[in-house]
Amino acid sequence: MLNCRTLFLSDIHLGCKNCQASYLLNFLKHCQVDKIYLLGDIVDLWAMQRQVFWKVQQNQVVRQLLKMAEQGTEIIYVPGNHDEAFRLYAGKNFGAIQVQLRSQHITHTGQRLLLLHGDEFDKHVQLAHWHRRLGDHLYDLLLFLNRWNQRLRRKLGQPYFSLSAYIKSKVPGARQAIARYRDAAVQRAKRGGYDGIVCGHIHHPEITLQDGILYCNDGDWIDSCTALVETIDGSLALYHCAESCQQLSVWPEPVRANVTALSKVA
């Protein structure tokens with residue numbers, strides 16, 4: 001069981017065939033948390049316009065979140081571009097879930113963080129139109145390969161490995177786009193007088209300090225299977241959660257007792 005103050009999730013893409021709902025469900029069932037921020041693309045309305053792909057595990061993720069809300073966990077939902085229709089309901093509550101266009105969070109150590117999905121930074125990436133279209137098609141291909149790679153690894157008894165994330169990390173153009181996105185996010189937080197920013201959107205989990213601003217991307221549940229966690233003492237940590245949960249990085253740099261990997265929860 002992971003006890004924490006805050007959990008940041010984004011890019012779950014419920015309704016999409018690539019959603020890793022079973023891993024997320026297992027993670028949520030082993031979390032004891034005061035507050036959850038859902039930072040966009042929770043439901044993939046774009047994918048559902050083409051084909052609805054809603055497995056039992058995806059429905060169970062929704063039920064688990066609602067159950068946690070009923071049991072006292074505060075849940076704030078900041079819609080993204082794939083679920084932008086829910087932005088029309090900003091300022092309203094759906095049961096115990098609040099919908100906001102953006103939010104802010106004060107950590108236990110007093111850090112003031114700007115929270116948003118991050119699609120507003122797309123214009124700063126400045127890729128040519130043809131390059132963006134090519135990138136979209138290549139990413140779809142990578143996700144297709146990732147699904148079949150994962151099926152093969154399961155049959156062989158091997159743990160989850162994101163082939164798409166690995167290949168993407170080796171492409172220079174992708175690294176440049178990620179750097180430009182990070183720069184835009186950091187500048188937005190700096191202009192607003194924040195100590196840091198937490199976002200998603202680009203499916204690239206990361207914690208880094210840049211220009212005195214803490215940049216946190218909580219990743220996704222399409223290929224990375226990552227969540228950002230604020231621990232009881234106020235530090236921030238990225239966890240990769242598949243067959244087991246493992247801490248990837250932490251800020252500030254660890255007091256060793258706070259960075260032990262979670263034991264297997266599968």
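What share of the contacts in the chain with a separation of 6 or more comes from residues 24 or more positions apart? The share is 65%, where contact means heavy atoms within 4.5 Å.

This is a predicted model, in which local features need pLDDT of at least 70 and side-chain atom pairs count only at pLDDT 80 or more, while totals for chains, interfaces and linings use all residues. Residues are numbered from 1 along each chain as its sequence is written, and side-chain values use heavy atoms, with hydrogens and water left out.

**Whole chain**

Begin with the whole chain, shown as a cartoon. The chain has 7 helices and 13 strands; these are DSSP runs numbered from the N terminus, with helices (H or I) of at least four residues and strands (E) of at least two. Of the 266 residues, 49% are buried. Buried means under 20% relative accessible area, exposed means over 50%, and partly exposed lies in between, with a 1.4 Å probe and protein chains only.

**Gln58**

Select Gln58 next, in helix H3, residues 56–70. Gln58 has a relative accessible area of 2%, so it is buried. Its side chain reaches the backbone nitrogen of Gly15 at 2.6 Å. Neighbours within four places in sequence aside, Gln58 is in contact with Leu14, Gly15, Cys16, Cys19, Ala21 and Phe53.

**Aromatic pairs**

Show the side chains of Phe, Tyr and Trp. The structure holds 5 aromatic pairs. Rings of Phe, Tyr and Trp (its six-membered ring) pair if their centres lie within 6.5 Å; planes under 30 degrees apart count as stacked, over 60 as edge-to-face and the rest as tilted.

One of the pairs is Tyr77 with Phe86: the ring centres are 5.8 Å apart and the planes stand at 50°, so this pair is tilted. Tyr77 is buried, at 10% relative accessible area, whereas Phe86 is partly exposed at 28%. Then select Tyr89 and Phe94, an edge-to-face pair with 5.5 Å from centre to centre and 75° between the planes. Tyr89 is partly exposed, with a relative accessible area of 36%, and Phe94 is partly exposed, with 44%.

**Asp119**

Go to Asp119, in the loop between strand S7 (112–115) and helix H4 (122–125). Is Asp119 buried or exposed? Its relative accessibility is 19%, so Asp119 counts as buried. Leaving out residues up to four places away in sequence, Asp119 touches Gly80, Asn81, Arg87 and His201. Asn81 is 38 residues from Asp119 along the chain, and their C-alpha atoms are separated by 6.4 Å. The side chains of Asp119 and Arg87 are joined by a polar contact of 2.9 Å. A polar contact is a pair of N or O atoms within 3.5 Å; within protein, one must be able to donate a hydrogen and the other to accept it, and residues adjacent in sequence count only if both atoms are side-chain atoms.

**Arg112 and Tyr194**

Select Arg112, which lies over the face of Tyr194 at 4.0 Å from the ring centre. A charge sits over a ring if NZ of Lys or CZ of Arg is within 6 Å of the ring centre and within 35 degrees of the ring normal.

**Strands S9 and S10**

End at residues 206–210 and 213–217, strands S9 and S10, which run antiparallel and are joined by 5 bridges. Two strands pair if DSSP finds at least two bridges between them. The bridge partner of Glu206 in S10 is Asn217. This hairpin has 2 residues between the strands, and Asp211 takes a positive phi near 55° there.
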